[in-house]
Amino acid sequence: MKLYLYGIIDSSEQVKESIYGLEGSGVYNIPYCDIGAVVSEINQPIQKVTKGAVLEHEAVIEKLMENFTVLPVRFQTVIEDRDNLLLMMQSYYNDFKDNLDRLHNKLEFGIKVIWAAEKIRENIIKALKKGKQKKLEPDSLQGRKFMTEKFEKYKIDKEFRAKADKFIRVIDIFFSKFAAEKKLGKLKTENLLLDAVYLLEKSQEINFREAFEHIKSARPDFKYLFSGPWPAYNFIVLSKKSGILTDSQQTDLLDKVTQNRMLVGADSI
Amino acid sequence: MIANTTVETESPEEFIEEIEKTQNCLPKKIDANPKTVEKGLAKLVLTLIELIKKLLEKQAMRRVEAGSLSDEQIENVGETLMKLEKKMDELKEIFGLKDEELNLNLGPLGDLM
């Protein structure tokens, strides 16, 4: 029987509530030191990504979020057996601990903004035509003609990106004062001005939602998408620090594990 | 989704369209099965050439903007870039590749271009 992994939590205690995961199997925690890996048993690897399976996976993670800090694991993560899972936990223990501490009591929210890119470009072209911008005069030489066309396009693109930067700075002012961390994705497509994720203390959720309403009023010409709260998918940083444990750290960890069989789930399910 | 997770927007179709655009053009893996290995490799090589071409173009534009290229240099650079673009167009046509396919997803670093 293989183990389907949902996430890592900041507790070695058993999950008290009955949670059912993929294939309707019961979800349980395999403890490792003071943290745990939440799994359910699965007969075979998931062959197809279905909407139902993805939602089942997500539902387990979000249920866990009600009581624990969770490091969500990618959909379709299957571990061969308990020994392999424990080896993985040992290998990443320090990373998991650092992330669980940093993300404790925090939630992720997403903000996406669409702007009218075509109209913005048109306005830039008009403004450049009016203004006294540096121009390359075309002549009959092919290379120069090519450069003239490219230079016109370059000026428009440069101005377009400068405008995007300006708008993003303004939008970010509304949100960043409530955020512990953020990641801003600029112009992933011509229209998608901003694709941002913010990490917040739970207590800041109301302020953050209010900020969203404010920006909508301040810039009604843009289109907005707000989502959350999510597990901190975008703020987990794995550097596999445990791979470079000092000798004394390894000894400490080994002591913890060998002194208490419960800590590695040897006596659990 | 749990009870209090929400997705709020007044323009769901537009957001779906834009998100799909960001995902469709960038395969996570290089397509290298026996039938398509040639195209997969061509895509990889042409993506790198496209990156170099764009860097050259950008540098040339910056120098034009700064006024540090003579007329002769502008003509030479222009002709070179034009020929490079023409050759790239020919190769893209041979391997059935579109402009938006010439990119690589570098995971947490984002897209190459």
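**Figure 1. Helix H4 of chain A and its surroundings.** In this predicted model, helix H4 of chain A covers residues 142-176, which makes 35 residues. From the first C-alpha to the last, H4(A) reaches 49 Å, close to the 51 Å expected at 1.5 Å a residue. Its buried residues are Arg144(A), Phe146(A), Met147(A), Lys150(A), Phe151(A), Ile171(A) and Phe175(A). The cover over these buried residues includes, from chain A, strands E6 (106-114), E7 (179-186) and E8 (192-201) and helix H5 (205-218). Chain B contributes to that cover as well, with helix H2 (37-66) and helix H3 (71-94) included.

**Figure 2. Crossing of H4(A) and H2(B).** The axes of the two helices come within 10 Å and cross at roughly 90 degrees. Angles of 65 to 115 degrees count as roughly perpendicular, and H4(A) and H2(B) are therefore roughly perpendicular to each other. On the H4(A) side the contact is formed by Met147(A), Lys150(A), Phe151(A) and Tyr154(A). These residues meet Glu57(B), Met61(B) and Val64(B) in H2(B). By class, the residues of this contact divide into 5 nonpolar, no polar and 2 charged. Met147(A), Lys150(A) and Phe151(A) are also among the buried residues of H4(A).

**Figure 3. The side of chain A that touches chain B.** Contacts between the chains involve 28 residues of chain A and 27 residues of chain B. Helix H1 (51-65), E6, H4 and strand E9 (223-230) of chain A each supply at least two residues of this side of chain A. The residues on this side of chain A comprise 13 nonpolar, 6 polar and 9 charged. Strand pairing also crosses between the chains: E9(A) and strand E1 (residues 6-9) of chain B are antiparallel and share 4 bridges. Within E1(B), Val7(B) stands opposite Ser227(A).

**Figure 4. Strand E3 of chain A between two partners.** Strand E3 of chain A, residues 35-42, is mostly covered, with 6 of its 8 residues buried. Strand E1 of chain A (residues 2-9) pairs with E3(A) in the antiparallel sense over 7 bridges. Strand E2 of chain A (residues 28-32) is joined to E3(A) by 5 bridges, again running antiparallel. Val38(A) in E3(A) is the bridge partner of Gly7(A), and Val38(A) is also the bridge partner of Asn29(A). E2(A) and E3(A) form a hairpin with 2 residues between them. In the turn, Cys33(A) has a positive phi of about 50 degrees.

**Figure 5. The setting of Pro72(A).** Pro72(A) is found in strand E4 of chain A, residues 70-72. A residue counts as buried if 20 or more other C-beta atoms lie within 10 Å of its own; Pro72(A) has 24 and is therefore buried. Leaving out residues up to four places away in sequence, Pro72(A) touches Gly7(A), Ile61(A), Pro231(A) and Tyr233(A). Phe167(A) is 95 residues from Pro72(A) along the chain, and their C-alpha atoms are separated by 32 Å.

**Figure 6. Helix H3 of chain A.** Helix H3 of chain A spans residues 117-130. At 1.5 Å a residue its 14 residues should span 20 Å, and the end C-alpha atoms are 20 Å apart, which agrees. The number of buried residues in H3(A) is 0, so this helix lies largely in the open. For chain A, buried residues make up 31% of the 269 residues.

Terms used: Residues numbered from 1 in each chain as written. Chains lettered and ligands numbered in written order. Predicted model: local features only at pLDDT ≥ 70, side-chain atom pairs only at ≥ 80, totals over all residues. Expected span 1.5 Å × (residues − 1). Buried ≥ 20, exposed ≤ 12 C-beta atoms within 10 Å, placed from the backbone. Contact = placed C-beta atoms within 7 Å. Nonpolar A, V, L, I, M, F, W, Y, C, P; charged D, E, K, R; others polar. Pairing = 2+ DSSP bridges. Axes fitted to C-alpha atoms, helices over the stretch in contact; angles between N-to-C directions. Parallel < 35°, antiparallel > 145°, perpendicular 65-115°, else oblique.
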